[in-house]
Amino acid sequence: MKKIIMGIALLSSTFLTAQAQCCQKGSCHSEQASGKDCRTQEGLYTTSYADNPKLVKKAEKWAKKGAWRNGFTKANPHASVNLVDFYLQYQKNPKQWKALFEYIAKTDLLTIPKGKHQIPGSDLTVSVEDSQNGPLEKRQSESHYKHIDFQYVVKGVERFGIIDHLTSKPNCQYRPDVIHYDYDQSKARFYDSNPNEFFIFFPNDWHIAKINNDSNDQSIRVIVIKVDYVE
């Protein structure tokens, strides 16, 4: 456990304070974009590339251009997705990412049977989950060292949370490939899904899934694909 905590402390030292965001009508906007001071908390939530603005601009341009889509036009990356991580991982592992987007472009994700399915031409597996959201206190936070979580909610509204690194700490030993955390709920950020956006959680995005939304309907269908993380 000491080794895990020390490793996370070293990892966190490479981050910078992420820009605070707020949720408005189910979408999240930065203060700069909204023109409002909607800051509720600050902390470390993802890998920062603020010291490399050229790389940030390159990643943003790449994401906007859509070369990654491989025929998939139904949804865009959610505002919480770290576009630099997305860009770098796509360059390092194009075969899996191309197979992923080609598959979800050509597959009817609303009618495909629930369960696990092999993605043709790759070693990826898609998990089609017909599930229910639940109370926050019953949902575990988690992160993965060797895999990236691609999550696309095609039916219903799933609430996701991303927790702060500075105030969170592991509450168990790492077991391949997951670790869980105790965290300060007041520092967590929450985002509601919609079918026009997908989420990607990289190893430094410590997240919570399937949290109750504000409606009376907690039924969801979510597509989950674990992509290899390449150092």
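In the predicted model, Pro77 has Phe198 of strand 12 as its bridge partner. This bridge belongs to the pairing of strand 3 with strand 12, which is parallel and extends over two bridges. Strand 12 also pairs with strand 7, here in the antiparallel sense and through three bridges. Within strand 12, Ile200 stands opposite Phe150.

Strand 12 is mostly covered, five of its five residues being buried. In a regular strand, side chains alternate between the two faces of the sheet. Both faces of strand 12 are covered: Glu197, Phe199 and Phe201 are buried on one side, and Phe198 and Ile200 are buried on the other.

Strand 12 is also among the elements against which the buried residues of helix 4 pack. Helix 4 spans residues 83-92, and its buried residues are Val84, Asp85, Phe86, Tyr87, Gln89 and Tyr90. These residues pack against two further helices, helix 3 (53-65) and helix 5 (94-106), as well as against strand 3 (76-77), strand 7 (147-155), strand 12 (197-201) and strand 14 (219-228).

The loop between strand 3 and helix 4 contains Asn82. With a relative accessibility of 9%, Asn82 counts as buried, because the cut-off for burial is under 20%. At the start of helix 4, a side-chain oxygen of Asn82 comes to within 3.2 Å of the backbone nitrogen of Val84. Val84 is itself one of the buried residues of helix 4. When residues up to four places away in sequence are not counted, Asn82 touches Thr46, Thr47, Tyr49 and Phe202.

The axes of the two helices, helix 4 and helix 5, come within 5 Å and cross at roughly 110 degrees. Helix 4 is therefore roughly perpendicular to helix 5. The residues of this contact comprise five nonpolar, two polar and two charged. On the side of helix 4, Phe86, Gln89, Tyr90, Gln91 and Lys92 take part, and they meet Pro94, Trp97, Lys98 and Phe101 of helix 5.

Four strands are arranged in the order 6-13-8-11, with antiparallel pairing. Strand 6 (141-142) and strand 11 (189-192) stand at the edges, and each has a single partner strand, so one side of each lacks a neighbour in the sheet. The partner of strand 11 is strand 8 (residues 159-162), and the two pair in the antiparallel sense over four bridges. In this pairing, Gly161 has Phe190 of strand 11 as its bridge partner.

At the level of the whole chain, the secondary structure comprises five helices and 14 strands. Of the 231 residues in the chain, 49% are buried. Among contacts between residues at least 6 apart in sequence, 78% join residues at least 24 apart.

Conventions: Residues are numbered from 1 along each chain as its sequence is written. This is a predicted model: local features need pLDDT of at least 70, side-chain atom pairs count only at pLDDT 80 or more; totals for chains, interfaces and linings use all residues. Side-chain values use heavy atoms; hydrogens and water are left out. Two strands pair if DSSP finds at least two bridges between them. Buried means under 20% relative accessible area, exposed over 50%, partly exposed in between (1.4 Å probe, protein chains only). Contact means heavy atoms within 4.5 Å. A polar contact is a pair of N or O atoms within 3.5 Å; within protein, one must be able to donate a hydrogen and the other to accept it, and residues adjacent in sequence count only if both atoms are side-chain atoms. Axes are lines fitted to C-alpha atoms, for helices over the stretch in contact, and angles run from 0 to 180 degrees between N-to-C directions. Angles under 35 degrees count as roughly parallel, over 145 as roughly antiparallel, 65 to 115 as roughly perpendicular and the rest as oblique. Ala, Val, Leu, Ile, Met, Phe, Trp, Tyr, Cys and Pro count as nonpolar, Asp, Glu, Lys and Arg as charged, and the others, Gly among them, as polar.
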